[in-house]
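Subject: Structure handover and notes on its pockets and cavities

Dear colleague,

Please read the notes alongside the coordinates.

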Amino acid sequence: MKITALAGGVGGARFLRGLRDALAARGLGPMSATPATVTVIGNTGDDITLFGLRVCPDLDTVLYTLGGGVNEEQGWGRADEGHLLQGELAAYGVEPQWFGLGDRDLGTHVARSLWLGQGASLSEVTARLAARWGLPESGFTLRPMTDTPVETHVVIPDDDGTGSRAVHFQEWWVRLRAAVAAQRFVVVGMDRATPAPGVLEAIRTADVVLLPPSNPVVSIGVILGVPGVRDALRGTPAPVVGVSPLVGGRPVRGHADACLRAIGVESSSAAVAGLYADFLDGWLVDSSDSDGSYADRVAVQRRPLLMSSPPATAELAGAALDLALSLRGRGARAVG
Ligand code: FO1
């Protein structure tokens with residue numbers, strides 16, 4: 001079975017770890033007679049260049065979470081982390097100091113930046129990093145959505161409230177904690193972006209496509225903005241099943257509600273499903289969600305969505321997989 005998943009940061013990575021457990025529990029693990037493979041298409045809109053290094057937060061979160069090296073309570077960065085280098089940079093007054101780069105994490109950024117500088121593509125670099133974290137052994141392939149450098153920037157009001165200015169997504173997300181109203185998001189470089197090798201093929205030839213509960217605007221939404229991706233999702237014979245990132249209209253973590261507000265979309269599972277309406281076949285929403293207004297177009301399943309433990313996460317991932325498998329062969333979707 002070939003599974004393709006579009007993933008952003010922390011929530012997406014945790015869901016993928018649950019998917020790995022669910023596949024193993026079903027005898028589809030890497031050592032089984034019929035191993036499933038999972039291709040993860042990772043968001044690179046969060047990427048930022050700091051201190052001359054290319055940092056890819058959403059790719060790194062997937063690598064560390066699947067590889068067993070993630071700082072579990074943060075959901076990003078490395079476990080057993082030190083901050084000696086960060087302290088030295090602060091002593092020298094090097095900016096910015098609002099984005100914490102741990103010593104072990106910096107190993108990833110130095111290796112990536114070195115290899116990029118030697119001419120390797122982001123796809124090639126990501127494959128090398130993933131090999132160290134054992135992703136191939138578990139049947140997972142992580143592909144950046146594009147090898148073209150892109151960055152999400154956020155347009156916010158000027159400090160004096162007269163005009164507006166753009167800040168990098170990470171400054172809005174981390175320093176401003178998304179507390180300043182975003183007027184719009186601009187993915188710099190997307191006008192020149194093309195899908196990374198294997199991305200469109202992974203969508204077209206999948207048996208199942210899954211959308212983990214990642215941010216629908218700045219993670220899934222940015223991946224959908226890569227030319228060709230949305231068309232591939234519309235055209236794939238694979239059932240496309242997603243998991244709502246909202247419980248009770250609120251994100252479980254992060255600032256998805258602030259992002260939805262910025263694009264004028266209601267913070268509800270129904271509204272997020274509407275953003276995916278032209279390709280979505282199935283949608284998992286929380287047990288508390290009673291909106292059935294779109295159940296005629298999408299197979300809606302209600303269940304607990306909180307990924308409160310590895311077993312709970314594996315059950316959620318298994319439910320998404322089961323819903324997708326139940327929708328196979330339902331024929332071409334009525335393009336909304
Ligand atoms: N998030 C924070 O809230 N504060 C940080 O200092 C921070 C540093 C950081 C460093 C590397 C990395 O890969 C992620 C980091 N993040 C930090 C998380 C990051 O902002 C988010 O994981 C994504 O970009 C949004 O999904």
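The second largest cavity is lined by Arg20, Leu23, Leu28, Gly29, Pro30, Ala36, Val38, Ser138 and Phe140, and the space inside this cavity comes to about 40 Å³. Sorted by class, its lining residues are six nonpolar, two polar and one charged. Please keep in mind throughout that this is a predicted model, and that the values given here are computed from it.

The structure holds two cavities of 30 Å³ or more, and the largest cavity has a volume of about 60 Å³. Around the largest cavity lie Phe51, Leu85, Gln86, Leu89, Ala90, Pro96, Gln97, Phe99, Leu101 and Leu106, a lining to which helix 3, residues 84–91, gives the most, with four residues. The lining of the largest cavity has no charged residues, and is made up of eight nonpolar and two polar ones.

Phenylalanine 51, for its part, has a phi near 50°, which is a positive value in a residue other than glycine, and it is found in the loop between strand 3 (48–50) and strand 4 (53–55). As background to both, most residues other than glycine have a negative phi, and most peptide bonds are trans.

Turning to the open space, the largest pocket holds about 930 Å³ and is lined by 43 residues, of which Gly9, Val10, Trp76, Trp173 and Arg253 lie nearest its centre. The elements that contribute two or more residues to this lining are helix 1 (10–25), helix 2 (57–67), helix 4 (103–117) and helix 6 (169–175), and helix 2 gives the most, with five residues. In terms of class, the lining of the largest pocket comprises 21 nonpolar, 15 polar and seven charged residues.

Which space does the ligand take? The space taken by the ligand is the largest pocket. In the shell around the ligand, the elements that give two or more residues are helix 2 and helix 6, with the largest share, three residues, coming from helix 6. The residues around the ligand are Asp46, Pro57, Asp58, Trp76, Trp98, Phe99, Gly100, Leu101, Asp105, Gln170, Trp173 and Val174, and they divide into seven nonpolar, two polar and three charged.

Glycine 100 takes part through its backbone, where a polar atom is 2.8 Å from an oxygen atom of the ligand. Taken alone, the ligand exposes 530 Å², and the protein buries 88% of that.

With best regards

Note on methods:
Residues numbered from 1 in each chain as written. Predicted model: local features only at pLDDT ≥ 70, side-chain atom pairs only at ≥ 80, totals over all residues. Heavy atoms only, no water. 1 Å grid on protein atoms, 1.4 Å probe; cavity = no way out; pocket = protein on both sides within 12 Å on 5 of 7 lines; lining within 4 Å. Points joined across faces, edges and corners; volume = space filled by probe spheres on them. Nonpolar A, V, L, I, M, F, W, Y, C, P; charged D, E, K, R; others polar. Near = heavy atom within 4 Å. Polar contact = N/O pair within 3.5 Å; in protein donor to acceptor, adjacent residues only side chain to side chain. Areas by Shrake-Rupley, 256 points an atom, 1.4 Å probe, with all protein chains shown as cover. Sits in = over half its atoms within 2 Å of the grid points.
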